[in-house]
Amino acid sequence: MITLRNLRKVYGDVTALDGVSLHIDKATIHGIVGESGAGKSTLVRCLTGLERPTEGAIELAGQDIAALGEKDLRLARRTIGMVFQNVHLFDSRTALSNIAYPLRVSGTDKATALAKAQELLTLVGIGDRGAAYPGQLSGGQRQRVGIARALITEPDVLLLDEPTSALDAGSTNAILDLVRDIRDRLGVTVVIITHEMEVVRAVCDGVTLLEHGRIVETGRVRDVVADARTRLSHSLAPLPPLPVDSDASLDVFFTSMPGNPTGARVFEQIARAGGDIAAGTLETIDGVQVGRVAISTPTHATEVVARALRENGLHVEGRDNVVR
Ligand SMILES: Nc1ncnc2c1ncn2[C@@H]1O[C@H](COP(=O)(O)OP(=O)(O)O)[C@@H](O)[C@H]1O
Ligand SMILES: [Mg+2]
């Protein structure tokens, strides 16, 4: 559905995107993560055609966005819905009128536009708030109105730039449920820019880590999380904090991918090898069970315990480079 080929965007002497190539399947949710300044917003602006890339191709629903003239670009933009962190609504228009607006400017008659707007308001779960003005809505409700407005032109792609970072935990979960629903019911391809790993864990099928305008890691969430060596695995399934005086010397990582041991069996193996669990997590992300455990070992036995666990197929790393 979306294919980026060697995308570059240069602003003066800043290279915001430096050769980004990426494919995102139809009806999936793809998260773009990375530190501030990594190029996430630039990427989204290029996708919407708001910004012209310096180099590269952006294939979106079968068209190369980067190569379109102004007129075709305006048409193509209708296939892309966009929602920003601080959703910009017209304060003097009701929720319903805000949602209907994109159809009204493109010439749809008022009754049809409002009927469609009501449908979408219901879809986003606040069907009874159509007459409310933005000032009368909560942050989460305004975000829903923004999403409904982005969907009214029936886009193939929905781009969300930090859609939940201004919301409390309850509203965040509700918006994420909605995004999942939009993928499943409308078959829309969703790209979410976020700095919150929780968002990726909760809804994303795919994820890309950007750094200095380059892709550092990318793939299906289940694949990156199951690979102990990726940075994304560490940030998606982190070890809980250890007590400051902990003498844990090894980190053990395991997943429930075929052929690997899981849960109780791992704990048994650790005990048998002479390890003592200091902290750990076990959770399911994108269908993969992922465990991370920090263990203490008897003095001078760290290497022996590590070897025993590795022989059992577990991924073992030394803490503070105790074991290589
Ligand atoms: N319009 C612009 N003019 C000049 N530099 C820009 C512009 N937009 C972004 N940049 C620079 O490009 C880099 C990437 O920015 P951005 O895409 O906003 O990152 P992110 O969204 O990941 O925080 C930053 O160094 C930023 O300062
Ligand atoms: Mg940004």
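This is a predicted model: local features need pLDDT of at least 70, side-chain atom pairs count only at pLDDT 80 or more; totals for chains, interfaces and linings use all residues.
Residues are numbered from 1 along each chain as its sequence is written, chains are lettered from A and ligands numbered from 1 in the order in which they are written, and side-chain values use heavy atoms, with hydrogens and water left out.

Now the ligand. The shell around ligand 1, meaning residues with a heavy atom within 4 Å of it, includes Tyr11, Glu35, Lys40, Thr42 and Arg45. By class, this shell has four nonpolar residues, five polar and three charged; Gly counts as polar here, and Tyr as nonpolar.

For polar contacts I use pairs of N or O atoms within 3.5 Å. A backbone N or O atom of Ser41 is 2.9 Å from an oxygen atom of ligand 1, and one of Ala38 is 3.1 Å from an oxygen atom of the ligand. From Arg45, a polar side-chain atom lies 3.3 Å from a nitrogen atom of ligand 1. Alone, ligand 1 exposes 560 Å², and the protein buries 60% of that (Shrake-Rupley method, 1.4 Å probe). Strand S2 (14-24) and helix H1 (40-48) are the elements that give two or more residues to the shell; helices are DSSP runs of H or I with at least four residues, strands are runs of E with at least two, and both are numbered from the N terminus. H1 supplies the largest share, four residues.

Next, Thr194. Where does Thr194 sit? In the loop between strand S8 (189-193) and helix H7 (197-203). Thr194 counts as buried because its relative accessibility is 0%, and buried means under 20% relative accessible area, with a 1.4 Å probe and protein chains only. A polar side-chain atom of Thr194 lies 2.9 Å from the backbone nitrogen of Glu196. Beyond neighbours within four places in sequence, Thr194 contacts residues including Lys40, Glu162 and Val200, where contact means heavy atoms within 4.5 Å.

Last, Val316, in strand S14 (residues 315-318). Val316 has a relative accessible area of 6%, so it is buried. Leaving out residues up to four places away in sequence, Val316 touches Leu250, Asp251, Val252, Ala306, Leu309 and Arg310. Gly140 is 176 residues from Val316 along the chain, and their C-alpha atoms are 42 Å apart.

Conventions: A polar contact is a pair of N or O atoms within 3.5 Å; within protein, one must be able to donate a hydrogen and the other to accept it, and residues adjacent in sequence count only if both atoms are side-chain atoms. Buried means under 20% relative accessible area, exposed over 50%, partly exposed in between (1.4 Å probe, protein chains only).
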